[in-house]
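Dear colleague,

Please look through the model first and then read the notes beside it.

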Amino acid sequence: MNRPQVLVARKVFPEVVERLRAHFEVEDNPQDTIYTREQLTARLQGKSGAFITGSERIDGALLDACPQVRVVCNMAVGYNNIDLAACSARQVMATNTPGVLTETTADLGFALMMAAARRIPEGERFLRAGRWTRWSYDMFIAPDVHGSTLGILGMGRIGQAIARRGALGFGMKVLYHNRSRLEPALEAPLAARWVDKRTLLRQADHLVLVLPYSADTHHTVAAAELAQMKPSATLTNIGRGGLVDEDALAQALREGRLAAAGLDVFEGEPRVNPALLALENVALTPHIGSASLATRRAMAELAADNLIAALGCGPQAGRPPSLLNPEVLG
Ligand code: DGY
């Protein structure tokens, strides 16, 4: 019997590709070429499934050009690169990798918040440039993190993991805004308090964005929101670049209307807005929130589990463990 054909669109762990080869005819991408839309369309011809990452965009036109595709498996928890409605309309399953990256991504978010708040990249650049000649009482003076107010916009798994770090490790007061309130049993151990977005913006000393990106959350933090924040506050974004109006952010940072920012994600990544690059008071990392070896491996394995189950192999055949659009299964 012919085995299903699948595409692994980016270079991933060879062991995971080998695991897929036990079930499928696999076309992989050891050169790690980032396919253009045309190349992706060509490579998907005859394929039943695709193992993708955030760099591949899946929409209705692409699916129409690749009618044999039955499942797209994202190796990421965020899935703004997938038009979910277009998938569902064509009975194509879509999956992501929730859960396995929560703690690692929260670690990075917290580190970036601290780096921005305590001016660590700026201090390192100063030192490496040979400019450190003496101690002075106000050198790299910065806002405290411990005991301050942590604001979290988007209180899903990662938001809660950041809240735990702040409340239990750093004695921070936790405020959050989310479409829905957490169960009291989740709020209580953190003394986390739901507030409206305006209160969050006005009261947070350190605001962290962890909400999913979509047309509805585009530029959730723009000039009007920045204007409500304390000039001593920091903003950290580990969600998606499009959550923030980067030009407005750069202007607020330049004019001292916001103390600092920590950014792991960018609107046009891997291109970074030159206005941000020109500023000292921004800590920048290249979208590495989930980048620990164990977590990336777990993400790849989960994406593979999804692909194997969706195409009718393995113990969970038929129902991928992290299916985003269960309506396609009727
Ligand atoms: C995610 O999982 O959404 C991350 O941002 C991808 O690295």
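**What surrounds the ligand**

An oxygen atom of the ligand is 2.8 Å from a polar backbone atom of G78, a polar contact in the sense of a pair of N or O atoms within 3.5 Å (within protein, one must be able to donate a hydrogen and the other to accept it, and residues adjacent in sequence count only if both atoms are side-chain atoms). Please bear in mind that this is a predicted model, in which local features need pLDDT of at least 70 and side-chain atom pairs count only at pLDDT 80 or more, while totals for chains, interfaces and linings use all residues. Residues are numbered from 1 along each chain as its sequence is written, and side-chain values use heavy atoms, with hydrogens and water left out.

V77 also takes part through its backbone, with an N or O atom 2.7 Å from an oxygen atom of the ligand, and in S290 an N or O atom of the side chain lies 3.5 Å from a ligand oxygen. On its own the ligand has 230 Å² of accessible area, of which the protein covers 84% (Shrake-Rupley method with a 1.4 Å probe; for residues, only the protein chains shown count as cover).

The residues around the ligand are A76, V77, G78, L101, R240, H287, S290, R296 and M299, where a residue counts as near if one of its heavy atoms lies within 4 Å. By class, this shell has 4 nonpolar, 3 polar and 2 charged residues (Ala, Val, Leu, Ile, Met, Phe, Trp, Tyr, Cys and Pro count as nonpolar, Asp, Glu, Lys and Arg as charged, and the others, Gly among them, as polar).

**Two loops**

The peptide bond from E269 to P270 is cis, with omega near 10 degrees, and P270 sits in the loop between strand 11 (260–263) and helix 12 (274–277); helices (H or I, at least four residues) and strands (E, at least two) are DSSP runs, numbered from the N terminus. D32, in the loop between strand 2 (25–27) and helix 2 (37–43), has a positive phi near 60 degrees although D32 is not a glycine.

**A helix pair**

Helix 5 (residues 102–117) and helix 7 (residues 157–170) have axes that come within 8 Å and cross at roughly 55 degrees (axes are lines fitted to C-alpha atoms, for helices over the stretch in contact, and angles run from 0 to 180 degrees between N-to-C directions). Helix 5 and helix 7 are therefore oblique to each other, since angles under 35 degrees count as roughly parallel, over 145 as roughly antiparallel, 65 to 115 as roughly perpendicular and the rest as oblique.

With kind regards
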